[in-house]
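Work through the exercises below with the coordinates open. Each task is followed by a solution in steps.

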Amino acid sequence: MKKIIIANWKCNPTTSKEAQKMISFLKQGLKKVKKAEVVICPPFVYLASSKFQESRVKLGSQDCFWEEKGAFTGEISAKMLKDLGVKYVILGHSERRYIFGETSESVAKKVKAVLNLSLTPIVCIGETLQDRKETKTFQVIEAQLKQSLQGIAKNQINKVILAYEPVWAIGTGNNCSSDEALTVSLFLRKLILNIAGRKAVQGLRILYGGSVSVDNAVEYLQNDSINGLLVGGASLDSKEFISIVKSVNGF
Ligand code: PGA
């Protein structure tokens with residue numbers, strides 16, 4: 001299964017000129033990438049001007065709304081994103097959950113809307129530092145997973161990409177050890193097996209995210225159970241991001 005490397009630019013950069021510069025740099029640097037699938041998730045406002053010709057580089061968004069259209073001030077629907085050429089949608093990122101109060105119930109509605117349009121949802125789950133201290137990691141992850149996939153048909157579940165992103169590792173430079181990430185990925189596979197059966201787990205892709213850098217990317221990528229990376233801070237340095245993508249060549 002091809003590894004997938006996703007850039008989450010979050011609320012960066014602050015001008016379209018800078019965004020264009022990053023996109024041009026990536027276009028150049030990712031030209032010869034054959035082994036990895038790459039997804040770039042800029043802020044909504046830069047999506048329209050961020051087209052990639054290279055078929056292995058796709059556009060993603062950082063969120064979406066579950067209704068197609070209507071009186072929902074400030075929202076961007078999955079349908080609008082599809083129209084712009086977006087193929088992947090990050091959902092339930094911890095910053096949305098903890099800064100903006102997003103619940104797993106609303107994540108599930110978004111997952112459904114995204115799948116209905118044949119786009120790929122990337123569902124983020126992960127424990128906080130407090131959960132970890134209280135040894136509740138597996139409990140929290142299980143609840144988030146089940147609630148975030150509530151009501152999704154069993155035969156649709158392997159179309160969802162799961163991203164294990166421990167909250168304490170995001171933006172802190174304190175990345176989760178590859179052994180721990182592997183353990184959680186195996187736990188998630190077991191949960192999916194129980195929820196949706198063997199077929200669902202066979203095609204399932206699980207990513208790791210949280211302080212991924214060019215120095216630690218390989219540790220995760222060498223595990224068969226980790227199908228790729230969700231990269232935040234390091235993706236803002238296009239040169240570093242390209243190096244992370246290129247490190248997939250070894251696998
Ligand atoms: P980080 O962010 O790489 O800056 O830790 C990852 C993420 O939030 O997806």
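**Exercise 1. The second largest pocket**

Classify the residues that line the second largest pocket as nonpolar, polar or charged.

Solution. The lining of this pocket has 5 nonpolar, 8 polar and 2 charged residues. Here Ala, Val, Leu, Ile, Met, Phe, Trp, Tyr, Cys and Pro count as nonpolar, Asp, Glu, Lys and Arg as charged, and the others, Gly among them, as polar. The space in the second largest pocket is about 170 Å³. Of its 15 lining residues, Gly171, Ser211, Val231, Gly232 and Gly233 are the closest to the centre. Ser211 also has a positive phi, near 55 degrees, in a residue other than glycine. Its place is the loop between strand E7 (205-209) and helix H10 (217-221).

The model is predicted: local features need pLDDT of at least 70, side-chain atom pairs count only at pLDDT 80 or more, and totals for chains, interfaces and linings use all residues. Residues are numbered from 1 along each chain as its sequence is written, and side-chain values use heavy atoms, with hydrogens and water left out.

Pockets and cavities come from a 1 Å grid over the protein atoms alone: a cavity is a set of points where a 1.4 Å probe fits but cannot get out, a pocket is an open set with protein on both sides within 12 Å along at least five of seven lines, and lining residues have an atom within 4 Å of a point. Grid points are joined across faces, edges and corners, and a volume is the space filled by probe spheres set on the points.

**Exercise 2. The largest pocket**

Which element gives the most to the lining of the largest pocket?

Solution. The largest pocket holds about 630 Å³ of space. Its lining consists of 28 residues, and Phe44, Gln62, Asp63, Arg96 and Phe100 lie nearest the centre. Helix H2 (44-47), H4 and H5 are the elements that give two or more residues. Of the elements, H2 gives the most, with 3 residues. Helices (H or I, at least four residues) and strands (E, at least two) are DSSP runs, numbered from the N terminus.

**Exercise 3. The cavity**

How many cavities of 30 Å³ or more does a search of the whole structure find?

Solution. The search finds 1. The volume of the largest cavity is about 50 Å³. Residues lining it include His93, Arg97, Cys124, Gln144 and Glu165. H4 supplies the largest share, 3 residues.

**Exercise 4. Helix H7**

Solution. The buried residues (under 20% relative accessible area; exposed is over 50%, partly exposed in between; 1.4 Å probe, protein chains only) are Thr137, Val140, Ile141, Gln144, Leu145 and Ser148. They cover an arc of only 125 degrees, so they are on the same side of H7; the arc is that of the directions from the helix axis to the C-beta atoms. Their cover includes helix H5 (104-116), strand E5 (120-125) and helix H8 (178-196), where contact means heavy atoms within 4.5 Å. Gln144 is buried in H7 and also lines the largest cavity.

**Exercise 5. Backbone exceptions**

Which residues does a cis peptide bond join?

Solution. The bond joins Asn12 and Pro13, with omega about -10 degrees. Pro13 is in the loop between strand E1 (4-8) and H1. Thr135, not a glycine, has a positive phi of about 45 degrees. Thr135 lies in the loop between H6 and H7 and is exposed, at 71% relative accessible area. Most residues other than glycine have a negative phi, and most peptide bonds are trans.
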